[in-house]
Amino acid sequence: GNKGICDRKSGECDCFPGYSGAGCQKAACGDATCSGHGVCMSAQDLAAADHGNVYNLWDSEVTMGCKCEPGYSGPTCESKMCKHGLDPLYIDDDYMTIRAPTARVLLQYVNVTGNLEAMDELGNADADGDLSTGLSITGTYAIKFYDAFGEDYQTDPLAATAGCIEIKAALESMANDIVPAGSVICSEITPNVGSLTARNKVEYDLTFTENLGDLKPIEINANLDGTRPSVYAIGHSGTDDNKVKFDVDVKVLANARGISGENIDYFPTMCDGVTLQATAVADAGAGNSGGSSEVEAGGFAYASGTGFDAAAVKLLKACLGDADGDASNNLEVYNWDYGLTNTTWHPHVVKLTKTPTAREDASGVADDYDAGKYYLAYYGAGKEGDATERFYFSGLPEVGVDMSVFTTDGTATVLANRTSGQGRDSNPSGNIDRDVTASVTARFAKYSTTVYTSADVSCDSNHLNACLNKGDKVLLPYMPVAQDGVKVSVADAAASANTGNLYTVVKVGVDA
(Lines give C-alpha, C1' and ligand atoms only; values in the text may rest on other atoms or scores of the structure.)
Protein backbone atom coordinates (compact mmCIF):
# COMPACT_ATOMS: atom_id res chain seq x y z
CA GLY A 1 0.00 0.00 0.00
CA ASN A 2 3.06 2.32 -0.26
CA LYS A 3 2.81 2.90 3.48
CA GLY A 4 5.71 0.70 4.54
CA ILE A 5 8.91 -1.07 3.51
CA CYS A 6 9.06 -4.66 2.37
CA ASP A 7 11.53 -6.82 4.30
CA ARG A 8 12.96 -8.90 1.44
CA LYS A 9 14.32 -11.54 3.80
CA SER A 10 11.04 -12.28 5.61
CA GLY A 11 8.67 -11.16 2.87
CA GLU A 12 6.70 -9.10 5.36
CA CYS A 13 5.90 -5.41 5.37
CA ASP A 14 7.34 -3.08 8.00
CA CYS A 15 4.58 -0.44 8.16
CA PHE A 16 5.11 3.24 8.77
CA PRO A 17 3.62 4.68 11.99
CA GLY A 18 -0.18 4.94 11.71
CA TYR A 19 -0.60 2.04 9.29
CA SER A 20 -1.08 -1.67 9.69
CA GLY A 21 -2.17 -4.80 7.84
CA ALA A 22 -0.36 -7.37 5.75
CA GLY A 23 0.20 -4.80 3.01
CA CYS A 24 0.13 -1.68 5.25
CA GLN A 25 -3.22 -0.94 3.67
CA LYS A 26 -5.06 0.00 6.88
CA ALA A 27 -4.96 3.36 8.65
CA ALA A 28 -4.21 2.07 12.14
CA CYS A 29 -5.35 3.52 15.44
CA GLY A 30 -2.89 6.01 16.89
CA ASP A 31 -2.50 3.65 19.81
CA ALA A 32 -3.36 0.02 19.12
CA THR A 33 -4.42 -0.40 22.76
CA CYS A 34 -6.49 2.83 22.75
CA SER A 35 -4.69 3.78 25.98
CA GLY A 36 -6.26 0.79 27.67
CA HIS A 37 -9.66 2.50 27.62
CA GLY A 38 -11.13 1.45 24.29
CA VAL A 39 -11.14 -0.90 21.31
CA CYS A 40 -9.59 -0.27 17.89
CA MET A 41 -12.29 -0.76 15.24
CA SER A 42 -12.88 -0.07 11.54
CA ALA A 43 -14.92 2.94 10.44
CA GLN A 44 -17.70 0.58 9.41
CA ASP A 45 -17.81 -1.07 12.84
CA LEU A 46 -17.58 2.27 14.64
CA ALA A 47 -20.66 3.48 12.77
CA ALA A 48 -22.57 0.26 13.55
CA ALA A 49 -21.73 0.61 17.24
CA ASP A 50 -23.20 4.14 17.22
CA HIS A 51 -26.99 3.52 17.17
CA GLY A 52 -26.69 1.19 14.18
CA ASN A 53 -25.45 3.84 11.76
CA VAL A 54 -23.97 2.83 8.40
CA TYR A 55 -20.64 3.83 6.83
CA ASN A 56 -20.13 2.43 3.32
CA LEU A 57 -17.44 4.64 1.75
CA TRP A 58 -14.34 3.17 0.13
CA ASP A 59 -12.34 3.20 3.37
CA SER A 60 -15.02 1.57 5.51
CA GLU A 61 -12.82 -1.43 6.32
CA VAL A 62 -9.35 0.14 6.17
CA THR A 63 -9.67 3.32 8.25
CA MET A 64 -9.43 2.50 11.93
CA GLY A 65 -10.36 4.42 15.07
CA CYS A 66 -10.80 3.94 18.80
CA LYS A 67 -14.17 3.32 20.37
CA CYS A 68 -13.67 4.61 23.88
CA GLU A 69 -15.22 3.12 26.98
CA PRO A 70 -17.61 5.37 28.90
CA GLY A 71 -15.89 8.31 30.54
CA TYR A 72 -12.96 8.56 28.12
CA SER A 73 -12.47 10.49 24.87
CA GLY A 74 -9.87 11.56 22.33
CA PRO A 75 -8.34 9.89 19.25
CA THR A 76 -6.66 7.28 21.45
CA CYS A 77 -9.06 7.46 24.43
CA GLU A 78 -6.33 9.21 26.39
CA SER A 79 -8.54 11.88 27.99
CA LYS A 80 -10.77 11.29 31.00
CA MET A 81 -14.02 13.23 30.70
CA CYS A 82 -15.17 15.60 33.41
CA LYS A 83 -18.43 15.04 35.27
CA HIS A 84 -21.56 16.81 34.13
CA GLY A 85 -23.24 19.40 36.31
CA LEU A 86 -26.03 21.96 36.21
CA ASP A 87 -25.67 24.71 33.61
CA PRO A 88 -25.46 27.97 35.62
CA LEU A 89 -27.82 29.54 33.07
CA TYR A 90 -30.62 27.45 34.59
CA ILE A 91 -30.28 29.44 37.80
CA ASP A 92 -32.52 32.44 37.19
CA ASP A 93 -33.67 33.72 40.58
CA ASP A 94 -36.94 32.06 41.59
CA TYR A 95 -37.74 30.97 38.05
CA MET A 96 -35.28 28.09 37.94
CA THR A 97 -36.78 24.95 36.41
CA ILE A 98 -34.55 22.02 35.53
CA ARG A 99 -35.19 19.58 32.72
CA ALA A 100 -34.05 16.40 34.47
CA PRO A 101 -34.26 12.92 32.87
CA THR A 102 -37.62 11.23 33.31
CA ALA A 103 -39.00 7.76 32.58
CA ARG A 104 -42.22 5.84 33.04
CA VAL A 105 -42.03 2.14 33.86
CA LEU A 106 -44.93 -0.18 33.03
CA LEU A 107 -45.31 -3.86 33.87
CA GLN A 108 -48.62 -5.32 32.82
CA TYR A 109 -50.09 -8.66 31.87
CA VAL A 110 -51.11 -8.85 28.20
CA ASN A 111 -54.17 -10.95 27.45
CA VAL A 112 -53.43 -12.09 23.94
CA THR A 113 -57.06 -13.00 23.30
CA GLY A 114 -58.23 -9.59 24.47
CA ASN A 115 -61.79 -10.76 25.11
CA LEU A 116 -62.12 -10.68 28.88
CA GLU A 117 -61.98 -6.97 29.56
CA ALA A 118 -61.72 -3.68 27.77
CA MET A 119 -58.28 -2.72 26.56
CA ASP A 120 -56.35 0.14 28.14
CA GLU A 121 -54.51 2.83 26.16
CA LEU A 122 -51.57 0.53 25.40
CA GLY A 123 -53.75 -2.31 24.16
CA ASN A 124 -53.42 -4.38 27.32
CA ALA A 125 -56.21 -6.23 29.08
CA ASP A 126 -56.71 -7.27 32.72
CA ALA A 127 -55.59 -3.95 34.12
CA ASP A 128 -58.02 -3.57 37.02
CA GLY A 129 -57.42 -6.54 39.30
CA ASP A 130 -60.95 -7.81 38.83
CA LEU A 131 -61.34 -11.21 40.48
CA SER A 132 -63.33 -12.43 37.48
CA THR A 133 -60.06 -12.51 35.54
CA GLY A 134 -57.90 -13.00 38.61
CA LEU A 135 -54.37 -12.21 37.49
CA SER A 136 -51.47 -10.74 39.41
CA ILE A 137 -47.88 -9.96 38.52
CA THR A 138 -45.06 -11.51 40.51
CA GLY A 139 -41.36 -12.27 40.16
CA THR A 140 -38.34 -9.95 40.12
CA TYR A 141 -36.66 -7.47 37.82
CA ALA A 142 -33.78 -4.98 37.90
CA ILE A 143 -33.41 -1.43 36.59
CA LYS A 144 -30.43 -0.65 34.36
CA PHE A 145 -29.33 2.98 34.58
CA TYR A 146 -26.97 4.81 32.19
CA ASP A 147 -24.90 7.78 33.32
CA ALA A 148 -24.01 10.84 31.23
CA PHE A 149 -21.13 8.94 29.60
CA GLY A 150 -23.20 5.88 28.71
CA GLU A 151 -21.80 3.58 31.39
CA ASP A 152 -24.43 1.21 32.74
CA TYR A 153 -25.28 0.29 36.33
CA GLN A 154 -27.87 -2.20 37.50
CA THR A 155 -29.89 -2.29 40.70
CA ASP A 156 -30.27 -5.30 42.93
CA PRO A 157 -33.33 -7.40 42.09
CA LEU A 158 -36.67 -5.77 42.90
CA ALA A 159 -39.96 -7.53 43.55
CA ALA A 160 -42.29 -7.03 40.61
CA THR A 161 -44.77 -5.27 42.89
CA ALA A 162 -42.19 -3.15 44.74
CA GLY A 163 -43.34 0.34 45.64
CA CYS A 164 -41.55 3.65 45.33
CA ILE A 165 -39.74 3.29 48.67
CA GLU A 166 -38.04 0.09 47.52
CA ILE A 167 -37.44 1.42 44.00
CA LYS A 168 -35.76 4.62 45.24
CA ALA A 169 -33.61 2.65 47.69
CA ALA A 170 -32.44 0.28 44.94
CA LEU A 171 -31.52 3.09 42.56
CA GLU A 172 -29.76 5.17 45.19
CA SER A 173 -27.67 2.24 46.45
CA MET A 174 -26.01 1.37 43.14
CA ALA A 175 -22.23 1.30 42.81
CA ASN A 176 -20.14 4.48 43.01
CA ASP A 177 -23.14 6.45 44.31
CA ILE A 178 -23.93 7.04 40.66
CA VAL A 179 -27.46 8.06 41.67
CA PRO A 180 -27.03 10.26 44.76
CA ALA A 181 -29.07 9.55 47.85
CA GLY A 182 -32.33 11.49 47.97
CA SER A 183 -32.16 12.48 44.30
CA VAL A 184 -34.83 10.21 42.79
CA ILE A 185 -38.45 11.32 42.62
CA CYS A 186 -40.75 8.33 42.24
CA SER A 187 -44.52 8.51 41.92
CA GLU A 188 -46.81 5.53 41.47
CA ILE A 189 -49.51 5.99 38.87
CA THR A 190 -51.72 3.05 39.78
CA PRO A 191 -50.82 1.95 43.31
CA ASN A 192 -52.51 -1.12 44.76
CA VAL A 193 -54.88 -1.76 41.88
CA GLY A 194 -57.81 -4.04 42.59
CA SER A 195 -58.60 -6.28 45.51
CA LEU A 196 -55.93 -8.93 44.97
CA THR A 197 -52.97 -9.15 47.33
CA ALA A 198 -50.65 -8.50 44.41
CA ARG A 199 -51.23 -6.14 41.51
CA ASN A 200 -51.52 -7.07 37.87
CA LYS A 201 -50.34 -3.69 36.66
CA VAL A 202 -47.31 -1.78 37.93
CA GLU A 203 -46.75 1.74 36.66
CA TYR A 204 -44.63 4.56 38.03
CA ASP A 205 -42.75 7.72 36.99
CA LEU A 206 -39.11 8.43 37.81
CA THR A 207 -37.22 11.74 37.77
CA PHE A 208 -33.43 11.78 38.30
CA THR A 209 -32.86 15.22 39.75
CA GLU A 210 -29.05 15.07 40.09
CA ASN A 211 -28.17 13.03 37.00
CA LEU A 212 -28.53 15.73 34.40
CA GLY A 213 -28.06 15.47 30.67
CA ASP A 214 -29.70 13.75 27.71
CA LEU A 215 -29.16 10.29 29.17
CA LYS A 216 -29.77 7.00 27.45
CA PRO A 217 -33.16 5.81 28.74
CA ILE A 218 -33.21 3.34 31.59
CA GLU A 219 -33.92 -0.30 30.80
CA ILE A 220 -35.75 -3.04 32.67
CA ASN A 221 -34.00 -6.39 32.97
CA ALA A 222 -36.92 -8.77 33.32
CA ASN A 223 -34.86 -11.86 32.44
CA LEU A 224 -32.80 -12.25 35.58
CA ASP A 225 -32.96 -16.04 35.21
CA GLY A 226 -31.39 -15.93 31.75
CA THR A 227 -33.66 -16.31 28.75
CA ARG A 228 -36.74 -17.17 30.81
CA PRO A 229 -38.73 -14.11 31.98
CA SER A 230 -38.33 -13.40 35.69
CA VAL A 231 -41.53 -11.30 35.71
CA TYR A 232 -44.72 -13.25 35.11
CA ALA A 233 -48.40 -13.40 35.97
CA ILE A 234 -50.25 -15.95 38.08
CA GLY A 235 -53.94 -16.75 37.75
CA HIS A 236 -56.15 -16.70 40.86
CA SER A 237 -59.52 -17.97 39.72
CA GLY A 238 -61.25 -20.65 37.70
CA THR A 239 -59.22 -22.68 35.26
CA ASP A 240 -56.35 -20.18 35.53
CA ASP A 241 -55.84 -20.76 39.25
CA ASN A 242 -52.10 -20.81 40.02
CA LYS A 243 -51.18 -21.05 36.34
CA VAL A 244 -48.10 -19.10 35.30
CA LYS A 245 -48.41 -16.77 32.32
CA PHE A 246 -45.31 -15.19 30.80
CA ASP A 247 -47.09 -12.63 28.63
CA VAL A 248 -46.15 -9.70 30.86
CA ASP A 249 -45.53 -6.54 28.88
CA VAL A 250 -42.46 -4.66 30.15
CA LYS A 251 -42.07 -1.11 28.87
CA VAL A 252 -39.94 1.92 29.61
CA LEU A 253 -41.65 5.03 28.27
CA ALA A 254 -38.83 7.55 28.14
CA ASN A 255 -39.88 11.21 28.26
CA ALA A 256 -43.51 10.16 28.70
CA ARG A 257 -44.32 13.58 30.14
CA GLY A 258 -42.63 15.51 27.35
CA ILE A 259 -39.41 16.20 29.26
CA SER A 260 -35.98 14.79 28.44
CA GLY A 261 -32.85 15.55 30.40
CA GLU A 262 -30.59 18.47 29.61
CA ASN A 263 -27.42 19.82 31.16
CA ILE A 264 -27.31 22.82 28.82
CA ASP A 265 -29.96 25.51 29.02
CA TYR A 266 -30.69 26.29 25.37
CA PHE A 267 -33.39 28.84 26.30
CA PRO A 268 -31.85 30.96 29.08
CA THR A 269 -33.43 34.38 28.42
CA MET A 270 -36.68 35.18 30.19
CA CYS A 271 -38.94 37.81 28.65
CA ASP A 272 -39.28 40.33 31.46
CA GLY A 273 -42.74 41.72 32.12
CA VAL A 274 -44.49 38.97 30.17
CA THR A 275 -46.85 36.53 31.90
CA LEU A 276 -49.48 34.75 29.86
CA GLN A 277 -51.94 31.88 29.82
CA ALA A 278 -52.70 29.57 26.91
CA THR A 279 -56.25 29.44 25.57
CA ALA A 280 -57.19 26.62 23.23
CA VAL A 281 -58.30 27.61 19.74
CA ALA A 282 -61.95 26.66 19.27
CA ASP A 283 -62.44 24.57 16.18
CA ALA A 284 -65.94 23.16 15.88
CA GLY A 285 -65.80 22.85 12.12
CA ALA A 286 -66.69 19.80 10.09
CA GLY A 287 -64.17 16.99 10.34
CA ASN A 288 -63.19 17.66 13.92
CA SER A 289 -64.41 14.68 15.90
CA GLY A 290 -67.35 15.73 18.03
CA GLY A 291 -66.89 19.39 17.16
CA SER A 292 -64.62 19.68 20.20
CA SER A 293 -62.23 22.49 20.90
CA GLU A 294 -58.55 21.89 20.28
CA VAL A 295 -57.85 21.85 23.98
CA GLU A 296 -58.91 18.23 23.52
CA ALA A 297 -57.41 17.80 20.08
CA GLY A 298 -53.87 18.77 21.11
CA GLY A 299 -53.49 21.44 18.45
CA PHE A 300 -53.18 25.19 18.80
CA ALA A 301 -53.50 27.81 21.50
CA TYR A 302 -53.10 31.56 21.68
CA ALA A 303 -51.58 33.77 24.34
CA SER A 304 -54.11 35.33 26.69
CA GLY A 305 -54.63 36.15 30.36
CA THR A 306 -55.52 39.24 32.35
CA GLY A 307 -51.87 40.29 32.56
CA PHE A 308 -51.18 39.76 28.88
CA ASP A 309 -52.28 43.18 27.68
CA ALA A 310 -51.16 45.40 24.81
CA ALA A 311 -48.04 46.43 26.69
CA ALA A 312 -47.10 42.79 27.29
CA VAL A 313 -47.59 42.02 23.58
CA LYS A 314 -45.08 44.75 22.72
CA LEU A 315 -42.61 43.42 25.29
CA LEU A 316 -42.91 39.91 23.89
CA LYS A 317 -42.32 41.09 20.32
CA ALA A 318 -39.14 42.90 21.36
CA CYS A 319 -38.01 39.91 23.43
CA LEU A 320 -38.47 37.42 20.58
CA GLY A 321 -36.56 39.63 18.15
CA ASP A 322 -34.96 38.06 15.10
CA ALA A 323 -35.84 34.49 14.14
CA ASP A 324 -33.85 33.74 10.98
CA GLY A 325 -30.47 35.36 11.57
CA ASP A 326 -31.18 38.03 8.96
CA ALA A 327 -31.85 41.43 10.51
CA SER A 328 -32.57 43.01 7.12
CA ASN A 329 -36.09 41.54 7.01
CA ASN A 330 -37.06 42.43 10.58
CA LEU A 331 -40.22 44.44 11.09
CA GLU A 332 -41.68 47.26 13.14
CA VAL A 333 -39.98 49.24 15.86
CA TYR A 334 -39.53 46.01 17.82
CA ASN A 335 -36.95 44.79 15.24
CA TRP A 336 -38.43 41.33 15.09
CA ASP A 337 -39.75 38.56 12.83
CA TYR A 338 -43.36 37.47 12.99
CA GLY A 339 -42.38 33.84 12.62
CA LEU A 340 -43.62 31.02 10.42
CA THR A 341 -46.64 32.69 8.86
CA ASN A 342 -44.84 35.81 7.67
CA THR A 343 -41.88 35.77 5.28
CA THR A 344 -39.58 33.09 6.61
CA TRP A 345 -39.25 29.35 7.20
CA HIS A 346 -37.61 30.17 10.52
CA PRO A 347 -40.26 30.30 13.24
CA HIS A 348 -39.75 31.35 16.80
CA VAL A 349 -39.32 28.50 19.25
CA VAL A 350 -39.97 29.34 22.89
CA LYS A 351 -39.91 27.56 26.21
CA LEU A 352 -43.07 28.12 28.24
CA THR A 353 -42.52 27.61 31.96
CA LYS A 354 -45.10 27.84 34.70
CA THR A 355 -44.42 30.69 37.11
CA PRO A 356 -43.21 29.79 40.63
CA THR A 357 -46.69 30.38 42.06
CA ALA A 358 -48.24 28.08 39.44
CA ARG A 359 -45.71 25.38 40.37
CA GLU A 360 -46.35 25.48 44.11
CA ASP A 361 -47.61 22.46 46.00
CA ALA A 362 -50.06 22.56 48.89
CA SER A 363 -47.31 23.66 51.28
CA GLY A 364 -46.27 26.57 49.05
CA VAL A 365 -43.02 25.03 47.75
CA ALA A 366 -42.35 25.46 44.04
CA ASP A 367 -41.45 22.33 42.07
CA ASP A 368 -38.15 23.03 40.29
CA TYR A 369 -38.61 19.93 38.12
CA ASP A 370 -42.00 20.95 36.71
CA ALA A 371 -39.91 22.10 33.79
CA GLY A 372 -40.67 24.23 30.77
CA LYS A 373 -41.64 22.75 27.40
CA TYR A 374 -40.99 23.88 23.85
CA TYR A 375 -43.45 25.26 21.29
CA LEU A 376 -43.48 27.01 17.94
CA ALA A 377 -44.64 30.60 18.34
CA TYR A 378 -45.83 32.95 15.63
CA TYR A 379 -47.88 36.11 15.30
CA GLY A 380 -50.74 36.48 12.89
CA ALA A 381 -54.39 35.98 12.14
CA GLY A 382 -56.31 33.03 13.48
CA LYS A 383 -57.86 30.02 11.80
CA GLU A 384 -61.10 29.65 9.86
CA GLY A 385 -61.89 33.30 9.26
CA ASP A 386 -60.58 34.68 12.56
CA ALA A 387 -58.77 37.85 11.48
CA THR A 388 -57.60 38.83 14.98
CA GLU A 389 -53.81 38.94 15.18
CA ARG A 390 -52.45 37.14 18.23
CA PHE A 391 -49.50 35.11 19.41
CA TYR A 392 -50.19 31.47 18.58
CA PHE A 393 -48.49 28.31 19.80
CA SER A 394 -48.55 25.01 17.93
CA GLY A 395 -48.34 21.96 20.10
CA LEU A 396 -50.89 22.81 22.77
CA PRO A 397 -49.35 24.06 26.04
CA GLU A 398 -51.02 23.56 29.39
CA VAL A 399 -54.05 25.85 29.52
CA GLY A 400 -55.30 28.04 32.35
CA VAL A 401 -52.00 28.50 34.24
CA ASP A 402 -49.64 31.48 34.42
CA MET A 403 -46.51 30.97 32.33
CA SER A 404 -43.33 32.87 31.54
CA VAL A 405 -41.62 32.89 28.14
CA PHE A 406 -37.97 31.96 27.59
CA THR A 407 -36.15 32.50 24.29
CA THR A 408 -33.01 31.22 22.57
CA ASP A 409 -30.22 32.70 20.50
CA GLY A 410 -30.43 29.70 18.19
CA THR A 411 -32.19 29.58 14.84
CA ALA A 412 -34.93 27.06 14.05
CA THR A 413 -35.60 25.96 10.48
CA VAL A 414 -38.69 24.20 9.14
CA LEU A 415 -37.66 21.20 7.05
CA ALA A 416 -40.93 21.22 5.13
CA ASN A 417 -44.64 21.46 5.82
CA ARG A 418 -47.73 19.47 5.00
CA THR A 419 -49.63 22.10 3.01
CA SER A 420 -47.02 22.78 0.33
CA GLY A 421 -43.70 21.46 -0.84
CA GLN A 422 -40.42 23.26 -0.73
CA GLY A 423 -40.10 24.29 -4.37
CA ARG A 424 -39.15 27.85 -5.18
CA ASP A 425 -42.76 28.99 -5.60
CA SER A 426 -43.62 27.98 -2.04
CA ASN A 427 -40.33 28.97 -0.41
CA PRO A 428 -40.49 32.55 0.89
CA SER A 429 -36.85 32.43 1.98
CA GLY A 430 -35.80 32.39 -1.68
CA ASN A 431 -33.59 29.34 -1.27
CA ILE A 432 -32.26 27.48 -4.29
CA ASP A 433 -34.73 25.54 -6.37
CA ARG A 434 -35.95 22.34 -4.74
CA ASP A 435 -37.51 19.29 -6.33
CA VAL A 436 -40.21 18.51 -3.76
CA THR A 437 -43.59 19.98 -4.66
CA ALA A 438 -45.86 17.69 -2.62
CA SER A 439 -46.54 18.13 1.05
CA VAL A 440 -44.15 16.54 3.51
CA THR A 441 -45.50 14.72 6.54
CA ALA A 442 -44.04 12.80 9.47
CA ARG A 443 -45.52 10.06 11.62
CA PHE A 444 -44.48 8.02 14.61
CA ALA A 445 -46.12 5.56 16.94
CA LYS A 446 -46.95 6.40 20.52
CA TYR A 447 -43.82 6.17 22.70
CA SER A 448 -41.72 5.22 19.66
CA THR A 449 -38.24 6.66 19.05
CA THR A 450 -38.42 6.26 15.27
CA VAL A 451 -39.96 8.97 13.08
CA TYR A 452 -41.00 8.18 9.49
CA THR A 453 -41.15 11.03 6.98
CA SER A 454 -42.76 11.09 3.53
CA ALA A 455 -39.58 12.50 1.96
CA ASP A 456 -35.88 11.90 2.51
CA VAL A 457 -34.74 14.45 5.11
CA SER A 458 -31.07 13.45 5.15
CA CYS A 459 -28.41 15.84 3.93
CA ASP A 460 -27.46 13.31 1.23
CA SER A 461 -30.65 14.20 -0.64
CA ASN A 462 -30.55 17.98 -0.06
CA HIS A 463 -33.92 18.64 -1.67
CA LEU A 464 -35.73 20.31 1.23
CA ASN A 465 -35.53 23.71 2.80
CA ALA A 466 -33.13 22.15 5.30
CA CYS A 467 -31.85 18.70 6.18
CA LEU A 468 -31.02 16.62 9.23
CA ASN A 469 -27.63 15.46 10.44
CA LYS A 470 -26.75 13.21 13.34
CA GLY A 471 -26.62 15.34 16.48
CA ASP A 472 -29.21 17.91 15.37
CA LYS A 473 -31.93 18.94 17.79
CA VAL A 474 -35.46 18.57 16.47
CA LEU A 475 -38.86 19.75 17.65
CA LEU A 476 -41.90 17.75 16.53
CA PRO A 477 -44.86 20.11 16.94
CA TYR A 478 -48.10 18.19 16.90
CA MET A 479 -50.74 19.12 14.35
CA PRO A 480 -54.06 17.28 14.78
CA VAL A 481 -54.27 16.08 11.19
CA ALA A 482 -54.00 12.49 10.04
CA GLN A 483 -51.89 11.24 7.14
CA ASP A 484 -54.81 11.51 4.71
CA GLY A 485 -55.49 15.13 5.66
CA VAL A 486 -58.51 14.33 7.84
CA LYS A 487 -58.49 15.56 11.41
CA VAL A 488 -57.69 12.79 13.83
CA SER A 489 -59.99 11.74 16.64
CA VAL A 490 -60.01 13.67 19.89
CA ALA A 491 -58.83 10.57 21.77
CA ASP A 492 -55.82 10.07 19.50
CA ALA A 493 -54.84 13.71 19.49
CA ALA A 494 -55.28 14.55 23.17
CA ALA A 495 -52.30 12.44 24.21
CA SER A 496 -49.90 14.84 22.47
CA ALA A 497 -51.05 17.99 24.27
CA ASN A 498 -48.54 19.58 26.65
CA THR A 499 -45.61 17.47 25.45
CA GLY A 500 -43.32 19.99 23.68
CA ASN A 501 -39.85 18.43 23.76
CA LEU A 502 -36.51 18.68 21.97
CA TYR A 503 -35.07 15.45 20.63
CA THR A 504 -31.55 14.59 19.46
CA VAL A 505 -31.09 12.91 16.08
CA VAL A 506 -28.93 9.77 16.41
CA LYS A 507 -29.55 8.21 13.01
CA VAL A 508 -30.90 9.35 9.63
CA GLY A 509 -31.63 6.83 6.90
CA VAL A 510 -34.02 5.41 4.37
CA ASP A 511 -36.28 2.53 5.36
CA ALA A 512 -36.08 -0.30 2.87
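Buried, in what follows, means under 20% relative accessible area, and partly exposed lies between that value and 50%. The model before you is predicted.

By that definition, both Lys351 and Asp265 are buried. The two residues form a salt bridge, with their closest N and O atoms 3.4 Å apart. Lys351 belongs to strand E21 (residues 348-354), whereas Asp265 sits in the loop between strand E18 (248-254) and strand E19 (269-280), so the bridge ties together parts that are 86 residues apart in sequence.

The whole structure contains 13 salt bridges. Another one of them pairs the side chains of Lys473 and Asp214, at 4.0 Å from N to O. Here the partners come from distant parts of the chain, 259 residues apart: Lys473 in strand E27 (residues 473-475) and Asp214 in the loop between strands E14 (201-208) and E15 (219-221). Lys473 counts as partly exposed because its relative accessibility is 37%, and Asp214 is partly exposed at 46%.

What of Arg359 and Asp368? Their side chains meet in a salt bridge of 3.9 Å, N to O. Arg359 is buried, at 3% relative accessibility, while Asp368 is partly exposed, at 26%.

Finally, I turn to Asn501, in the loop between helix H5 (490-494) and strand E28 (502-504). With a relative accessibility of 2%, Asn501 counts as buried. Its side chain makes a polar contact of 2.4 Å with that of Arg99 and one of 3.2 Å with that of Ser260. Beyond its sequence neighbours within four places, Asn501 is in contact with residues including Asn255, Tyr374 and Leu475.

Definitions and conventions: Residues numbered from 1 in each chain as written. Predicted model: local features only at pLDDT ≥ 70, side-chain atom pairs only at ≥ 80, totals over all residues. Heavy atoms only, no water. Helix = DSSP H or I, 4+ residues; strand = E, 2+ residues; numbered from the N terminus. Buried < 20%, exposed > 50% of the residue type's maximum accessible area, 1.4 Å probe, protein only. Polar contact = N/O pair within 3.5 Å; in protein donor to acceptor, adjacent residues only side chain to side chain. Contact = heavy atoms within 4.5 Å.
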